[in-house]
Amino acid sequence: MATQGRGEAGAGGRRKGSTEAGSGSQLCCGLFDMSAHQQGTELDLSWISKIQVNKPAVLRRAEQIQARRPVKKEWQAAWLLKAVTCIDLTTLSGDDTASNVQRLCYKAKYPIREDLLKALNMHDKGITTAAVCVYPARVCDAVKALKAAGCDIPVASVATGFPAGQTHLKTRLEEIRLAVEDGATEIDVVINRTLVLTGQWKALYDEIRQFRKACGEAHLKTILATGELGSLTNVYKASMIAMMAGSDFIKTSTGKETVNATFPVAIVMLRAIRDFFWKTGNKVGFKPAGGIRSAKDSLVWLSLIKEELGDEWMKPELFRIGASTLLADIERQIYHHVTGRYAAYHDLPMS
């Protein structure tokens with residue numbers, strides 16, 4: 001992929017090195033440090049105005065990453081356990097209740113059956129998902145369930161009129177504050193897509209700055225809803241504005257759009273993260289979400305992160321996967337690796 005102006009993102013971009021995730025001891029499991037915030041920068045519209053994404057180059061790069069041969073055997077198991085530690089285990093349904101949020105939290109603490117982890121000699125590594133993600137009204141349920149389980153997994157809440165973002169700004173800001181008051185330590189906000197489609201970059205920057213302030217000590221993950229932004233150039237510009245405004249993560253999608261996390265969009269966003277890091281020294285995380293359902297998908301996403309941003313981003317402080325059903329397929333693949341057969345439905349506890 002290539003962009004014109006200061007945001008350079010060449011078609012190669014592949015980092016040298018093995019596609020191996022590393023041994024079990026290198027997995028980032030259990031508690032991790034999310035205390036530091038990305039403070040953002042002043043708005044630089046001169047940078048934004050010069051960006052133009054080379055779509056054919058992006059599509060070629062996306063084809064390359066999807067054509068990679070996946071890792072096998074013990075290396076695949078290591079990568080899949082790594083993926084588990086980066087999942088934001090999510091329930092965002094209209095019929096969510098306290099009981100199914102409680103089940104979700106239990107699954108977040110015990111994502112893989114203990115006997116399977118013992119067979120891999122990983123039972124004492126504290127493997128959990130990175131966070132649980134719920135609607136604002138369910139934050140108290142999640143906090144209570146995790147406290148009862150003696151677990152410090154972060155609670156993330158969507159906010160700001162999720163998924164459309166079409167409510168009054170005052171309402172969106174209050175939704176953030178209420179979620180934080182109820183115990184959410186991560187807030188997944190959704191932007192007003194109209195501001196992107198009409199090129200109102202300063203207004204977008206100002207809104208996200210207000211989101212950042214409303215979050216207080218909570219981490220800010222900004223959902224771009226890339227399937228509704230119209231072009232890859234807009235995706236890059238919106239990514240850059242979100243990072244300038246102080247987002248700790250940029251996230252592809254709500255999971256409710258017609259088009260969610262795709263590899264061309266991810267490449268553009270990852271190149272924006274890399275450009276922002278090179279310019280400012282600030283590291284921003286990346287979260288694909290929507291449509292990531294299979295263990296094979298998670299391996300491709302990890303490979304993309306490793307090649308585009310390097311090993312330093314392959315940890316929950318800087319990489320998350322938003323998913324509700326992915327964990328079940330990963331556990332099935334781990335079961336197959338350990339036992340040599342695929343699990344029946346009743347063999348594995350479901351979230």
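The model is predicted, so local features need pLDDT of at least 70 and side-chain atom pairs count only at pLDDT 80 or more, while totals for chains, interfaces and linings use all residues. Residues are numbered from 1 along each chain as its sequence is written, and side-chain values use heavy atoms, with hydrogens and water left out.

Of its 351 residues, 57% are buried, meaning under 20% relative accessible area, where exposed is over 50% and partly exposed lies in between (1.4 Å probe, protein chains only).

Next select residues 169-181, helix 7, together with residues 201-215, helix 9, which pack at an angle of about 25° with their axes 9 Å apart; the axes are lines fitted to C-alpha atoms over the stretch in contact, and angles run from 0 to 180 degrees between N-to-C directions. Helix 7 is therefore roughly parallel to helix 9, a term for angles under 35 degrees.

To see the contact (heavy atoms within 4.5 Å), show the side chains of Leu-169, Arg-172, Leu-173, Ile-176, Arg-177 and Val-180 on helix 7, and of Glu-207, Gln-210, Phe-211, Ala-214 and Cys-215 on helix 9.

Finally, select Arg-177 in helix 7, which is partly exposed with a relative accessible area of 35%.

Terms used:
Helices (H or I, at least four residues) and strands (E, at least two) are DSSP runs, numbered from the N terminus. Angles under 35 degrees count as roughly parallel, over 145 as roughly antiparallel, 65 to 115 as roughly perpendicular and the rest as oblique.
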